[in-house]
Structure formats: structure tokens, C-alpha cells
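Here is a short report on one protein model and its ligand. Look through the sequence and the structure first, then read on.

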Amino acid sequence: MTATTPLAARLAEVQRRIEAACARVGRRPEEVTLVAVSKTHPADTVFEGATAGVRAFGENRAQEFVPKVLAFRDGAREQGLSGVEWHFIGHLQRNKVRDVLPYVDVLHSLDSERLVREIAARAPEARPGHHRLRCFIEVNIAGEAQKEGVQPSEVALLLEAARAAEVLDVRGLMTVAPRTTDPEAARPVFAALRALAAEHALPELSMGMTDDFEVAIEEGATVVRVGRALFGDRLG
Ligand SMILES: *Cc1c(COP(=O)(O)O)cnc(C)c1O
């Protein structure tokens, strides 16, 4: 595919880097899903991304997520674009569950039993006839003070609660590595998440962002969440 827009060129470059990281560790690129994190960027940018071939978008704020999905859907129908998935990657407040549920395909930030209960209560009305909501348990693997996510020791209980709720399909674990300028610094964090997921027999790992997605892939990421490398600096 020839890149016809700057975004298409950046997408091709990110895909090339994903393929190279896979090749270094003997993995197949199809094992890695690219979620394009479109937060702060307008629905027009999402169109451009979808036209260039992005199949999954990530958003982290309910107030931004819902209008953007709706705007995208309207235009997508006109332009014949289909098959786009929406991933919610930020902390989900319980009072936003009802708004977000109808539009989310994958939730990356399951982080409390209270959230499980709220989703279970709202899902029948908000997602009638839908499949279980695919989700990841977010883990604060590095133990940072102000980080979202449960402690590694809390995963077992949350997993049990999520399975009991029956409206959730827990696919794996998610983490955000501490910010540093050295991607190698994230490697032990990603390796620890992989070990924790294996302990709980969970097959998927959502880890790796613009600064560290190649290291994450080398450590087993099945989903990478990339914003700036695709869309440039965040707006606002
Ligand atoms: C913003 C965000 C990303 C993408 O970050 P970039 O550094 O722009 O790639 C990934 N995951 C989460 C949870 C985010 O909030």
C-alpha cells in the first residue's frame, strides 16, 4: 500500500516497526493488534485513520469517546467504512458506565469489583443482545503511587468477580509502564505483566505505547496502544 497522506505514512512506519519487533523474537505480526489512540484528535482524524487502514481506535475519556464514536458512525455510513472497533483505555468512572457501554468493544481498564458490578447492572439495558464485553484488567505492575490499576496481588479476586458477573470476557492484563526516556526501562515491567498473566492463564497482554511498543512486543504484547507515533502531539 502506498501512503497517500502523512497519517498513512506514519501508519505504514508503525506497522513496519511492529513487524520488525515481531521478527526479532520470532512472532507473527498478526499476533499484535494495533489500537490507534485518537484521544484529543477530532473525528475527522479518525476517518483519515480508518481510510488509511486503522481498524481499532482507543479513547480514554467518556465525554470525548461517546460524541466521537457517534460522529464517526454517521460519516462512516456515508463513506462505506465499516469494521472499526472502539477501545476504552482510560479509567472508567462508574457514573459513566451507562453512557460508554453501548459503544465500547474492548475495555482496557477494569480496575475494581465495584466497576464489575456497575457493568453487570447496566449491560442488559445498555448492550441488549451483545456478546460479553471483552476486557483487560489494568494492573499497576510497577507499584507507582499515582497510577491506575490494581496491585498484582489483587488480580485473582477481581478476575473471579469478573467471571462471576457473566457479562465480561476477561482476555488479559493491561498496564502503562512508568514514563522514562529509555524504552528498555519498561522491559522488566512488561516481563512482569506477562508472568502475572501466565500465572492466571490469561492469553492477552495490552502493553506498549509510542515510546515503548517495540519492547512490549518483544515481551509478548498482543495489543499495543499507540497515539503520538500515528497522530503527532496531542491537541489540548
Ligand atoms: C494516551 C494513552 C496511550 C497512547 O500514548 P502515546 O504515548 O501517545 O502512544 C496508550 N495507553 C493509554 C492508557 C493512554 O492513556
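## Where the ligand sits

A pocket is an open set of grid points with protein on both sides within 12 Å along at least five of seven lines. A molecule sits in a pocket if more than half of its atoms lie within 2 Å of its grid points. In this predicted model, the ligand sits in the largest pocket.

## The shell around the ligand

G227 uses its backbone instead, where an N or O atom lies 2.8 Å from an oxygen atom of the ligand.

How much of the ligand does the protein bury? Taken alone, the ligand exposes 390 Å². The protein buries 93% of that area.

## Helix α6

Now turn to another element. Helix α6 covers residues 155-165, and E160 has its place there. Is E160 buried or exposed? Its relative accessibility is 54%, so E160 counts as exposed; the cut-off for exposed is over 50%. E160 and G26 are 134 residues apart in sequence. In space, their C-alpha atoms are 33 Å apart.

A156 lies in helix α6 too. Its relative accessible area is 39%, so A156 is partly exposed. That class falls between the 20% and 50% limits.

## From the helix to a loop

A156 and H200 are 44 residues apart along the chain. Their C-alpha atoms are separated by 7.5 Å. Where does H200 lie? H200 is in the loop between α7 (187-199) and β7 (204-206).

H200 counts as buried because its relative accessibility is 18%, and buried means under 20%. H200 and E219 are 19 residues apart along the chain. The C-alpha atoms of H200 and E219 are separated by 17 Å.

Definitions and conventions:
Residues are numbered from 1 along each chain as its sequence is written. This is a predicted model: local features need pLDDT of at least 70, side-chain atom pairs count only at pLDDT 80 or more; totals for chains, interfaces and linings use all residues. Side-chain values use heavy atoms; hydrogens and water are left out. A polar contact is a pair of N or O atoms within 3.5 Å; within protein, one must be able to donate a hydrogen and the other to accept it, and residues adjacent in sequence count only if both atoms are side-chain atoms. Accessible areas come from the Shrake-Rupley method with a 1.4 Å probe; for residues, only the protein chains shown count as cover. On a 1 Å grid over the protein atoms alone, a cavity is a set of points where a 1.4 Å probe fits but cannot get out, and a pocket is an open set with protein on both sides within 12 Å along at least five of seven lines; lining residues have an atom within 4 Å of a point. Helices (H or I, at least four residues) and strands (E, at least two) are DSSP runs, numbered from the N terminus. Buried means under 20% relative accessible area, exposed over 50%, partly exposed in between (1.4 Å probe, protein chains only).
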